[in-house]
Amino acid sequence: MSTFLSLLASGIALGAIYALGAAGFLVLYKATGVVNFAQGDLVTVGAYLTFWGTTSLHLGVWKAALLAVVLTGLLGVVLERVAYAPLRNRPHLTIVISTLGAALMVRALLGLWLGTSPITVPTPIGLGTFDIGGVVIARQRVLIVVVAAVVVATLGWMFARTQLGRSLRAMATDHAMARLSGIRVRGISMFAWGFSGALAAIAGVLVAPLAPVELGFGFSIMFGAFAAAILGGFESLGGVVVAGLLLGVVEQTFGAYVFREYAELYPFLLMVAVIAVRPQGLFARRAHARL
Amino acid sequence: MPDSETAVVDTSLAPTGEARTTRRRLYPGHQFLVVLVTAVVVGTVVSALELEPLDLGMVNLWMVYSIIAIGFYFIFAVAGQFALSQAFMAMVGGYVSAVASPSTGVPLGIVCGITTAGVLAAAFALLMRRVTEFYFAIATLGLAEIGTIVIRNWDYVGGVDGTRIGIQPLEALGRQLRMQDEVFWGLLAAFTLALLVAAAFERSPLRRELIAVHRTPEVAATLGVPVTLLRVTVFAAGSMLAAFGGALYAHWQGFVSTEAFGLDLSIGIFIMVLFGGTSSMWGAVIGAAFYVVVPVKFEFLGGYLDVFYGGLILVLIIAFPEGLIGIARSVARRLPRRIPGTQRRAGVS
């Protein structure tokens with residue numbers, strides 16, 4: 001039982017990461033209606049920049065993590081200028097392709113800059129564990145859940161209550177109308193890309209200390225996050241969080257008992273299954289939302 | 001510049017100024033001839049040049065990649081499905097053919113590989129029939145990832161850690177093709193065969209229906225075009241071409257590894273079609289040549305190769321969405337106005 005509870009706890013932590021990643025997809029989708037192929041690589045960038053900050057700049061872990069999040073956010077803005085803005089009026093498929101090109105460049109440049117051998121990313125709270133009545137939980141996983149909860153709550157408040165959130169939602173609904181209503185679409189589009197990049201970096205910074213990190217690190221996280229985003233319906237933050245937690249728990253608990261040798265398959269299997277079975281999301285009222 | 005809606009797709013359906021005034025044949029008959037002439041030219045030039053084995057190897061690789069890229073041209077450029085599974089389908093062809101050949105012989109083994117990929121692709125496309133664009137792209141990426149992990153862990157198919165060695169060489173007319181120049185003639189035959197099949201497809205009504213399904217699925221459906229059937233068929237057919245190329249590669253090299261057919265190649269295939277041009281199957285052939293030559297001739301790029309490819313995708317998609325063939329066509333379209341009396345010719349096809 002205690003093993004199961006431990007697995008459940010790491011499932012929740014993994015789910016929190018998926019939810020964070022999915023929130024990154026969601027912010028971008030709400031504002032610009034596109035999905036970014038480079039999202040996974042931005043997760044990797046976040047982890048690598050933290051490593052760089054602590055080893056090359058000799059910063060403390062918190063400062064390095066903060067720097068990584070800010071810089072990845074800026075990279076998101078650059079991506080908006082390079083890979084999205086020139087193509088905004090073209091078909092979605094075109095934008096998808098350009099983000100793929102951007103993803104390839106980001107990954108290659110990162111490899112050239114910081115090398116391709118696996119790195120170890122430090123954590124501010126150490127690698128110890130909590131032992132709560134026989135249930136062993138890594139401290140890092142507790143940190144993941146706490147940070148993710150704070151970020152998602154802030155995000156929810158922003159979407160619902162602030163002018164910025166309303167502008168974002170207005171842009172997603174009708175870009176031209178939003179512009180006519182005086183919303184500064186250009187600035188907000190850049191903000192959304194930057195913010196989405198920062199969310200990806202937070203996910204990367206949080207999950208990286210759990211295992212050595214290499215260039216493909218963000219790749220499988222992207223699949224889990226994308227599955228969560230679809231399952232959550234690409235609409236509501238709440239739906240995405242529930243979906244992320246569900247997927248994380250399923251992956252960790254099932255992964256420990258069924259098909260153990262193929263545990264690395266789970267994010268991909270879940271994602272393919274979600275797209276095939278429920279592309280409109282768990283909570284969609286209208287079928288075929290916008291596929 | 002073409003209008004924004006037709007950025008990455010064929011423009012042959014779009015009404016142009018000329019279409020109203022000049023009468024054009026629906027299905028030009030010289031396509032098979034062009035294929036045969038190409039084959040003869042390639043054969044003559046290569047045997048006249050007496051290439052070193054290394055250069056001959058590049059020509060061979062070009063033909064294999066062309067076969068795979070033409071499959072992707074149908075899936076991506078004609079049917080508008082953004083699939084990142086093409087390299088994986090080539091992998092399926094390679095491994096299945098390698099497993100089957102000892103008991104069935106090489107030709108039948110290749111057929112087994114092609115069939116397996118076709119069935120797999122059809123089943124997957126059926127499963128994903130409601131899915132488009134990014135969703136389809138990432139689902140095919142997931143399929144490739146799952147398949148690669150399975151092959152790597154499944155020793156019966158994948159050998160040790162996904163590297164399978166000791167694959168039988170290609171066979172033709174009862175003899176084994178071992179030397180690079182023998183392989184060349186075998187591959188040239190396969191290349192010609194694949195191009196002929198592709199040309200038959202290019203001039204069939206199927207192509208038009210696929211473009212219609214791609215552009216306006218709802219309208220196509222109301223006109224009685226079987227949308228799902230076509231989508232599944234083209235994905236399966238394109239994947240089978242990939243498997244053909246992959247199987248040829250495996251028997252030619254004598255070994256296969258999952259790395260050789262990884263995401264890098266999938267993106268590479270994508271660059272081939274995008275660079276050569278999305279409006280004709282010849283774009284894939286030209287693009288494949290480009291992709292084979294770049295790492296060898298642009299050695300100075302070194303570790304920056306992927307940066308170059310990523311940047312190339314961005315530049316192509318932003319500035320030249322129609323690729324080389326598109327550029328050639330728009331040049332050709334302007335020429336007759338300056339030289340009166342010459343008949344208009346549209347690009348390569």
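Student: Is the crossing of H9(A) and H11(A) left-handed or right-handed?

Tutor: A crossing is left-handed if the near helix is turned anticlockwise from the far one by less than a right angle, and right-handed if clockwise. H9(A) and H11(A) make a left-handed crossing. Helices here are DSSP runs of H or I with at least four residues, strands are runs of E with at least two, and both are numbered from the N terminus. The model is predicted, and local features need pLDDT of at least 70, side-chain atom pairs count only at pLDDT 80 or more, and totals for chains, interfaces and linings use all residues. Residues are numbered from 1 along each chain as its sequence is written, while chains are lettered from A and ligands numbered from 1 in the order in which they are written.

Student: At what angle do the axes of H9(A) and H11(A) cross?

Tutor: Axes are lines fitted to C-alpha atoms, for helices over the stretch in contact, with angles from 0 to 180 degrees between N-to-C directions. Those of H9(A) and H11(A) cross at roughly 30 degrees and come within 8 Å. The two helices are therefore roughly parallel; that word covers angles under 35 degrees, with over 145 as roughly antiparallel, 65 to 115 as roughly perpendicular and the rest as oblique.

Student: Which residues of H9(A) and H11(A) make the contact?

Tutor: Contact requires C-beta atoms, placed from the backbone, within 7 Å. H9(A) contributes residues including Phe223(A), Phe226(A) and Ile230(A), and H11(A) contributes residues including Phe268(A), Met271(A) and Val274(A). By class there are 11 nonpolar, 2 polar and no charged residues. Nonpolar means Ala, Val, Leu, Ile, Met, Phe, Trp, Tyr, Cys and Pro; charged means Asp, Glu, Lys and Arg; the others, Gly among them, are polar.

Student: How do H1(A) and H10(A) pass each other?

Tutor: H1(A) passes H10(A) in a right-handed crossing. The axes of H1 (residues 2–32) and H10 (residues 237–257) of chain A come within 7 Å and cross at roughly 140 degrees, which makes H1(A) oblique to H10(A). The contact of H1(A) with H10(A) has 18 nonpolar, 7 polar and 1 charged residues.

Student: How many residues of chain A are in contact with chain B?

Tutor: 36 residues of chain A are in contact with 34 residues of chain B. On the chain A side, the elements that give two or more residues are H3 (61–84), H4 (92–114), H9 (217–231) and H11 (266–277). H4(A) supplies the largest share, 14 residues. The chain A side divides into 28 nonpolar, 5 polar and 3 charged residues.

Student: What does the secondary structure of chain A come to?

Tutor: Chain A has 11 helices and 2 strands. Along the sequence the pattern is α-α-α-α-β-β-α-α-α-α-α-α-α. The C-alpha atoms fill a box of roughly 60 × 45 × 35 Å along the principal axes.

Student: Which residue of chain A has a positive phi although it is not a glycine?

Tutor: Most residues other than glycine have a negative phi, and most peptide bonds are trans. His58(A) has a positive phi of about 55 degrees, and lies in the loop between H2 (39–55) and H3 of chain A.

Student: Is His58(A) buried or exposed?

Tutor: A residue is buried if 20 or more other C-beta atoms, placed from the backbone, lie within 10 Å of its own, exposed if 12 or fewer, and partly exposed in between. His58(A) has 9 C-beta neighbours inside 10 Å and counts as exposed. Of the 291 residues of chain A, 52% count as buried.

Notes: Two residues are in contact if their C-beta atoms, placed from the backbone, lie within 7 Å.
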